[in-house]
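This report examines charged contacts, a sheet and a surface patch in one protein model. Please keep the sequence and the structure in view while reading.

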Amino acid sequence: MNNIFGRFLPTDSLLGKLDPRTKIVIDFFFVIILLFANSWLTYGILIFFVAFAIYCSKIPIKVFWLGLRSILSLVILMMLIQLLLTAPSDQSDILISFGWLRISSTGLINSIIIALRFFLMIFMTTVLTVTTPSTSIADGISSLLKPLSKIGLDTKTFALLISMTLRFVPILSDEFSTIVDAQRSRGLSLKTGSIVKRTKTLIPMIIPLISVAFKKALTLADTMEIRGFIDAKSRTSFHQLKFQKIDLIVLIIFTVISFSIVYFSYAKL
Amino acid sequence: MMVSAIVINNLSFSFDDGQELFRQLSLQVNRGEWLSLVGRNGSGKSTLMRLILGLETPSSGTIKVAARLGAVFQNPEDQFIGATVEDELAFGLENQQIKPELMPNKIKETLQEIGMSDYAKSSPDQLSGGQKQRVAIGSALILNADVLFFDEATSMLDPLARESIINLIGKLHKQNPNLTIINITHDPDEILWGQRAVVLEKGKIIADEPAKVLMSDIDFLHHHQLGETFVSKLVSKINQKRSLNRKIPSSIISQKELLSWLLNSNK
């Protein structure tokens, strides 16, 4: 299992029992609230919230780490950009100076904040996808977007698209790993040579992946057609969404946390 | 009187690049029949299946289908739409606009039929290849398919899973005498599970015989590069080496026949 994003891991957890709409709404607003956080206290509250969500999911932290590992290089790159491109506010802000290269404490803090925001965002979306089947996510999105169907938006098709995309992320990720292994066994290396050479090495790995993706999409389209799929609008739904008391409690807790983040952020200002 | 499930008359089909595959092909498949569709790669087996399923359009000719069709493809991974086994089975029911309250019972019954009752909430990623193919079979059965196509459905499985899938198909066929099986396969031993075998070569039917008759015709099999059954190969090796006092008849092609011959010859 290389990538857990989009992979549903069934457990008998509290989060697994929540209405998918509750989790989608929390995930959506969590990303916004994350942008409000501007102090160690507010970040501390958010870290505690995410840690509690992971604990309630009953999914081992190791699994989340696996998901994070695949995008770790991207996070490190973003941290480096922040670290190197943030200009020091004054002389006392400079931590290391080497020729033109100056690393400031502001840059260091910014890079840590960027990484932290990224980690929290990934963890929260992973909590949603590992505890909710993609079909339930689709039903949740479809239900939340229902008002938009009045203005002609095909929300059911949109939700089905998201569900199938989520379903295919881990499959294509596994497929990519197989292609990488196959190419490596023939001598291609992503770890040696200049950046240009390494980028060129990616081409024989990405082209087969695109080809595989098309093949899989065509087989899936055939399967759907054979099983009577015409359009998403006229389908019934196996999952009947139920907004329960526990959903209300979780939403209230999240609202309180959100307001406290906004309050502490402004209180600091 | 035999009732036809599928009747193909004078079917012609060419690919988009103009290359012709079928010309005036005719074939009739009876209800309740187990037909093995055999032939080398590129002979047109899968394309014929796609034409019957309505996934391709013939250039001319007619295909009459008097049954509900279902299909199981080679790679079970590519066929999954749902995030759990029960979601996967529900997909077809949702398309048929079945009321949600009726779905759980239908799903439960199908899971029992395919021997997957304990896996309703499992994610497809947690299943073995054989279990995934069972779910793919269930997805067709839940829609009351009367004709099930298997497009090399066991070729990606390990020997045990292969045996369990072929046994499941056998059990389903036995339970429902009206269930028609069309199995596209390269496995000689699998062909023997069916009653009838149709051999395609470059888009033409070159043999349409009872499966046992086809698999006993070793010269034909060799000439058209189709494999022999394991027992058939074993019998010819034993006969070549003269390891037994007398020759085993070359008509013996299955384990059951060989065992029975050995037991009788010892009496």
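In this predicted model, D78(B) and K216(A) form a salt bridge in which the closest N and O atoms are 2.6 Å apart. D78(B) is buried because its relative accessible area of 11% falls under the 20% limit. K216(A), with a relative accessible area of 5%, is buried as well. K216(A) and D78(B) are also linked with E175(A) in a network of salt bridges.

Why can such pairs form? Side chains of opposite charge can pair when their charged atoms come close.

A further salt bridge brings together the side chains of R50(B) and D222(A), with 2.4 Å from N to O. This pair also crosses between chains: R50(B) lies in helix α1 (residues 45–53) of chain B, and D222(A) lies in helix α10 of chain A. D222(A) counts as buried, at 13% relative accessibility.

Within chain B, D208(B) forms a salt bridge with R196(B), and their closest N and O atoms are 2.9 Å apart. D208(B) is in strand β9 (residues 204–210) and R196(B) in strand β8 (residues 196–201) of chain B; the two residues are twelve residues apart and link distant parts of the chain. Over all chains, the count comes to 17 salt bridges. The table lists three of them.

| Salt bridge | N to O distance |
|---|---|
| D78(B) and K216(A) | 2.6 Å |
| R50(B) and D222(A) | 2.4 Å |
| D208(B) and R196(B) | 2.9 Å |

Strands β8 and β9 of chain B also take part in a sheet. This is an open sheet of six strands with mixed pairing, in the order β5-β6-β7-β3-β8-β9. Its edge strands are β5 and β9 of chain B, each of which pairs on one side only. From one strand to the next, the twist averages 20 degrees. In general, strands of a sheet pair through backbone hydrogen bonds, either parallel or antiparallel. Here, β5(B) and strand β6 (residues 147–151) of chain B run parallel and are joined by four bridges. V72(B) has F150(B) as its bridge partner in β6(B). Helix α4 (residues 129–141) of chain B packs on the sheet and touches β5 and β6 of chain B, and its direction makes about 170 degrees with that of β5(B).

Chain A is described next. Its secondary structure comes to eleven helices and two strands, and its C-alpha atoms fill a box of roughly 70 × 55 × 40 Å along the principal axes. Of its 269 residues, 41% count as buried. The chain exposes about 15400 Å², of which carbon and sulfur atoms supply 72%.

On the surface of chain A, a nonpolar patch includes W40(A), L95(A) and F98(A), among other residues, and the whole patch has about 740 Å² of accessible area. The elements that give two or more residues to this patch are β1 (94–98) and α6 (105–131) of chain A. L95(A), found in strand β1 of chain A, is exposed, with a relative accessible area of 51%.

Methods. Residues are numbered from 1 along each chain as its sequence is written. Chains are lettered from A and ligands numbered from 1 in the order in which they are written. This is a predicted model: local features need pLDDT of at least 70, side-chain atom pairs count only at pLDDT 80 or more; totals for chains, interfaces and linings use all residues. Side-chain values use heavy atoms; hydrogens and water are left out. A salt bridge is a side-chain nitrogen of Lys or Arg within 4 Å of a carboxyl oxygen of Asp or Glu. Buried means under 20% relative accessible area, exposed over 50%, partly exposed in between (1.4 Å probe, protein chains only). Two strands pair if DSSP finds at least two bridges between them. Axes are lines fitted to C-alpha atoms, for helices over the stretch in contact, and angles run from 0 to 180 degrees between N-to-C directions. Contact means heavy atoms within 4.5 Å. Patches are made of residues with over 30% relative accessible area and no salt bridge: like charges are joined within 9 Å, nonpolar side chains (Val, Leu, Ile, Met, Phe, Trp, Tyr) within 5 Å. Accessible areas come from the Shrake-Rupley method with a 1.4 Å probe; for residues, only the protein chains shown count as cover.
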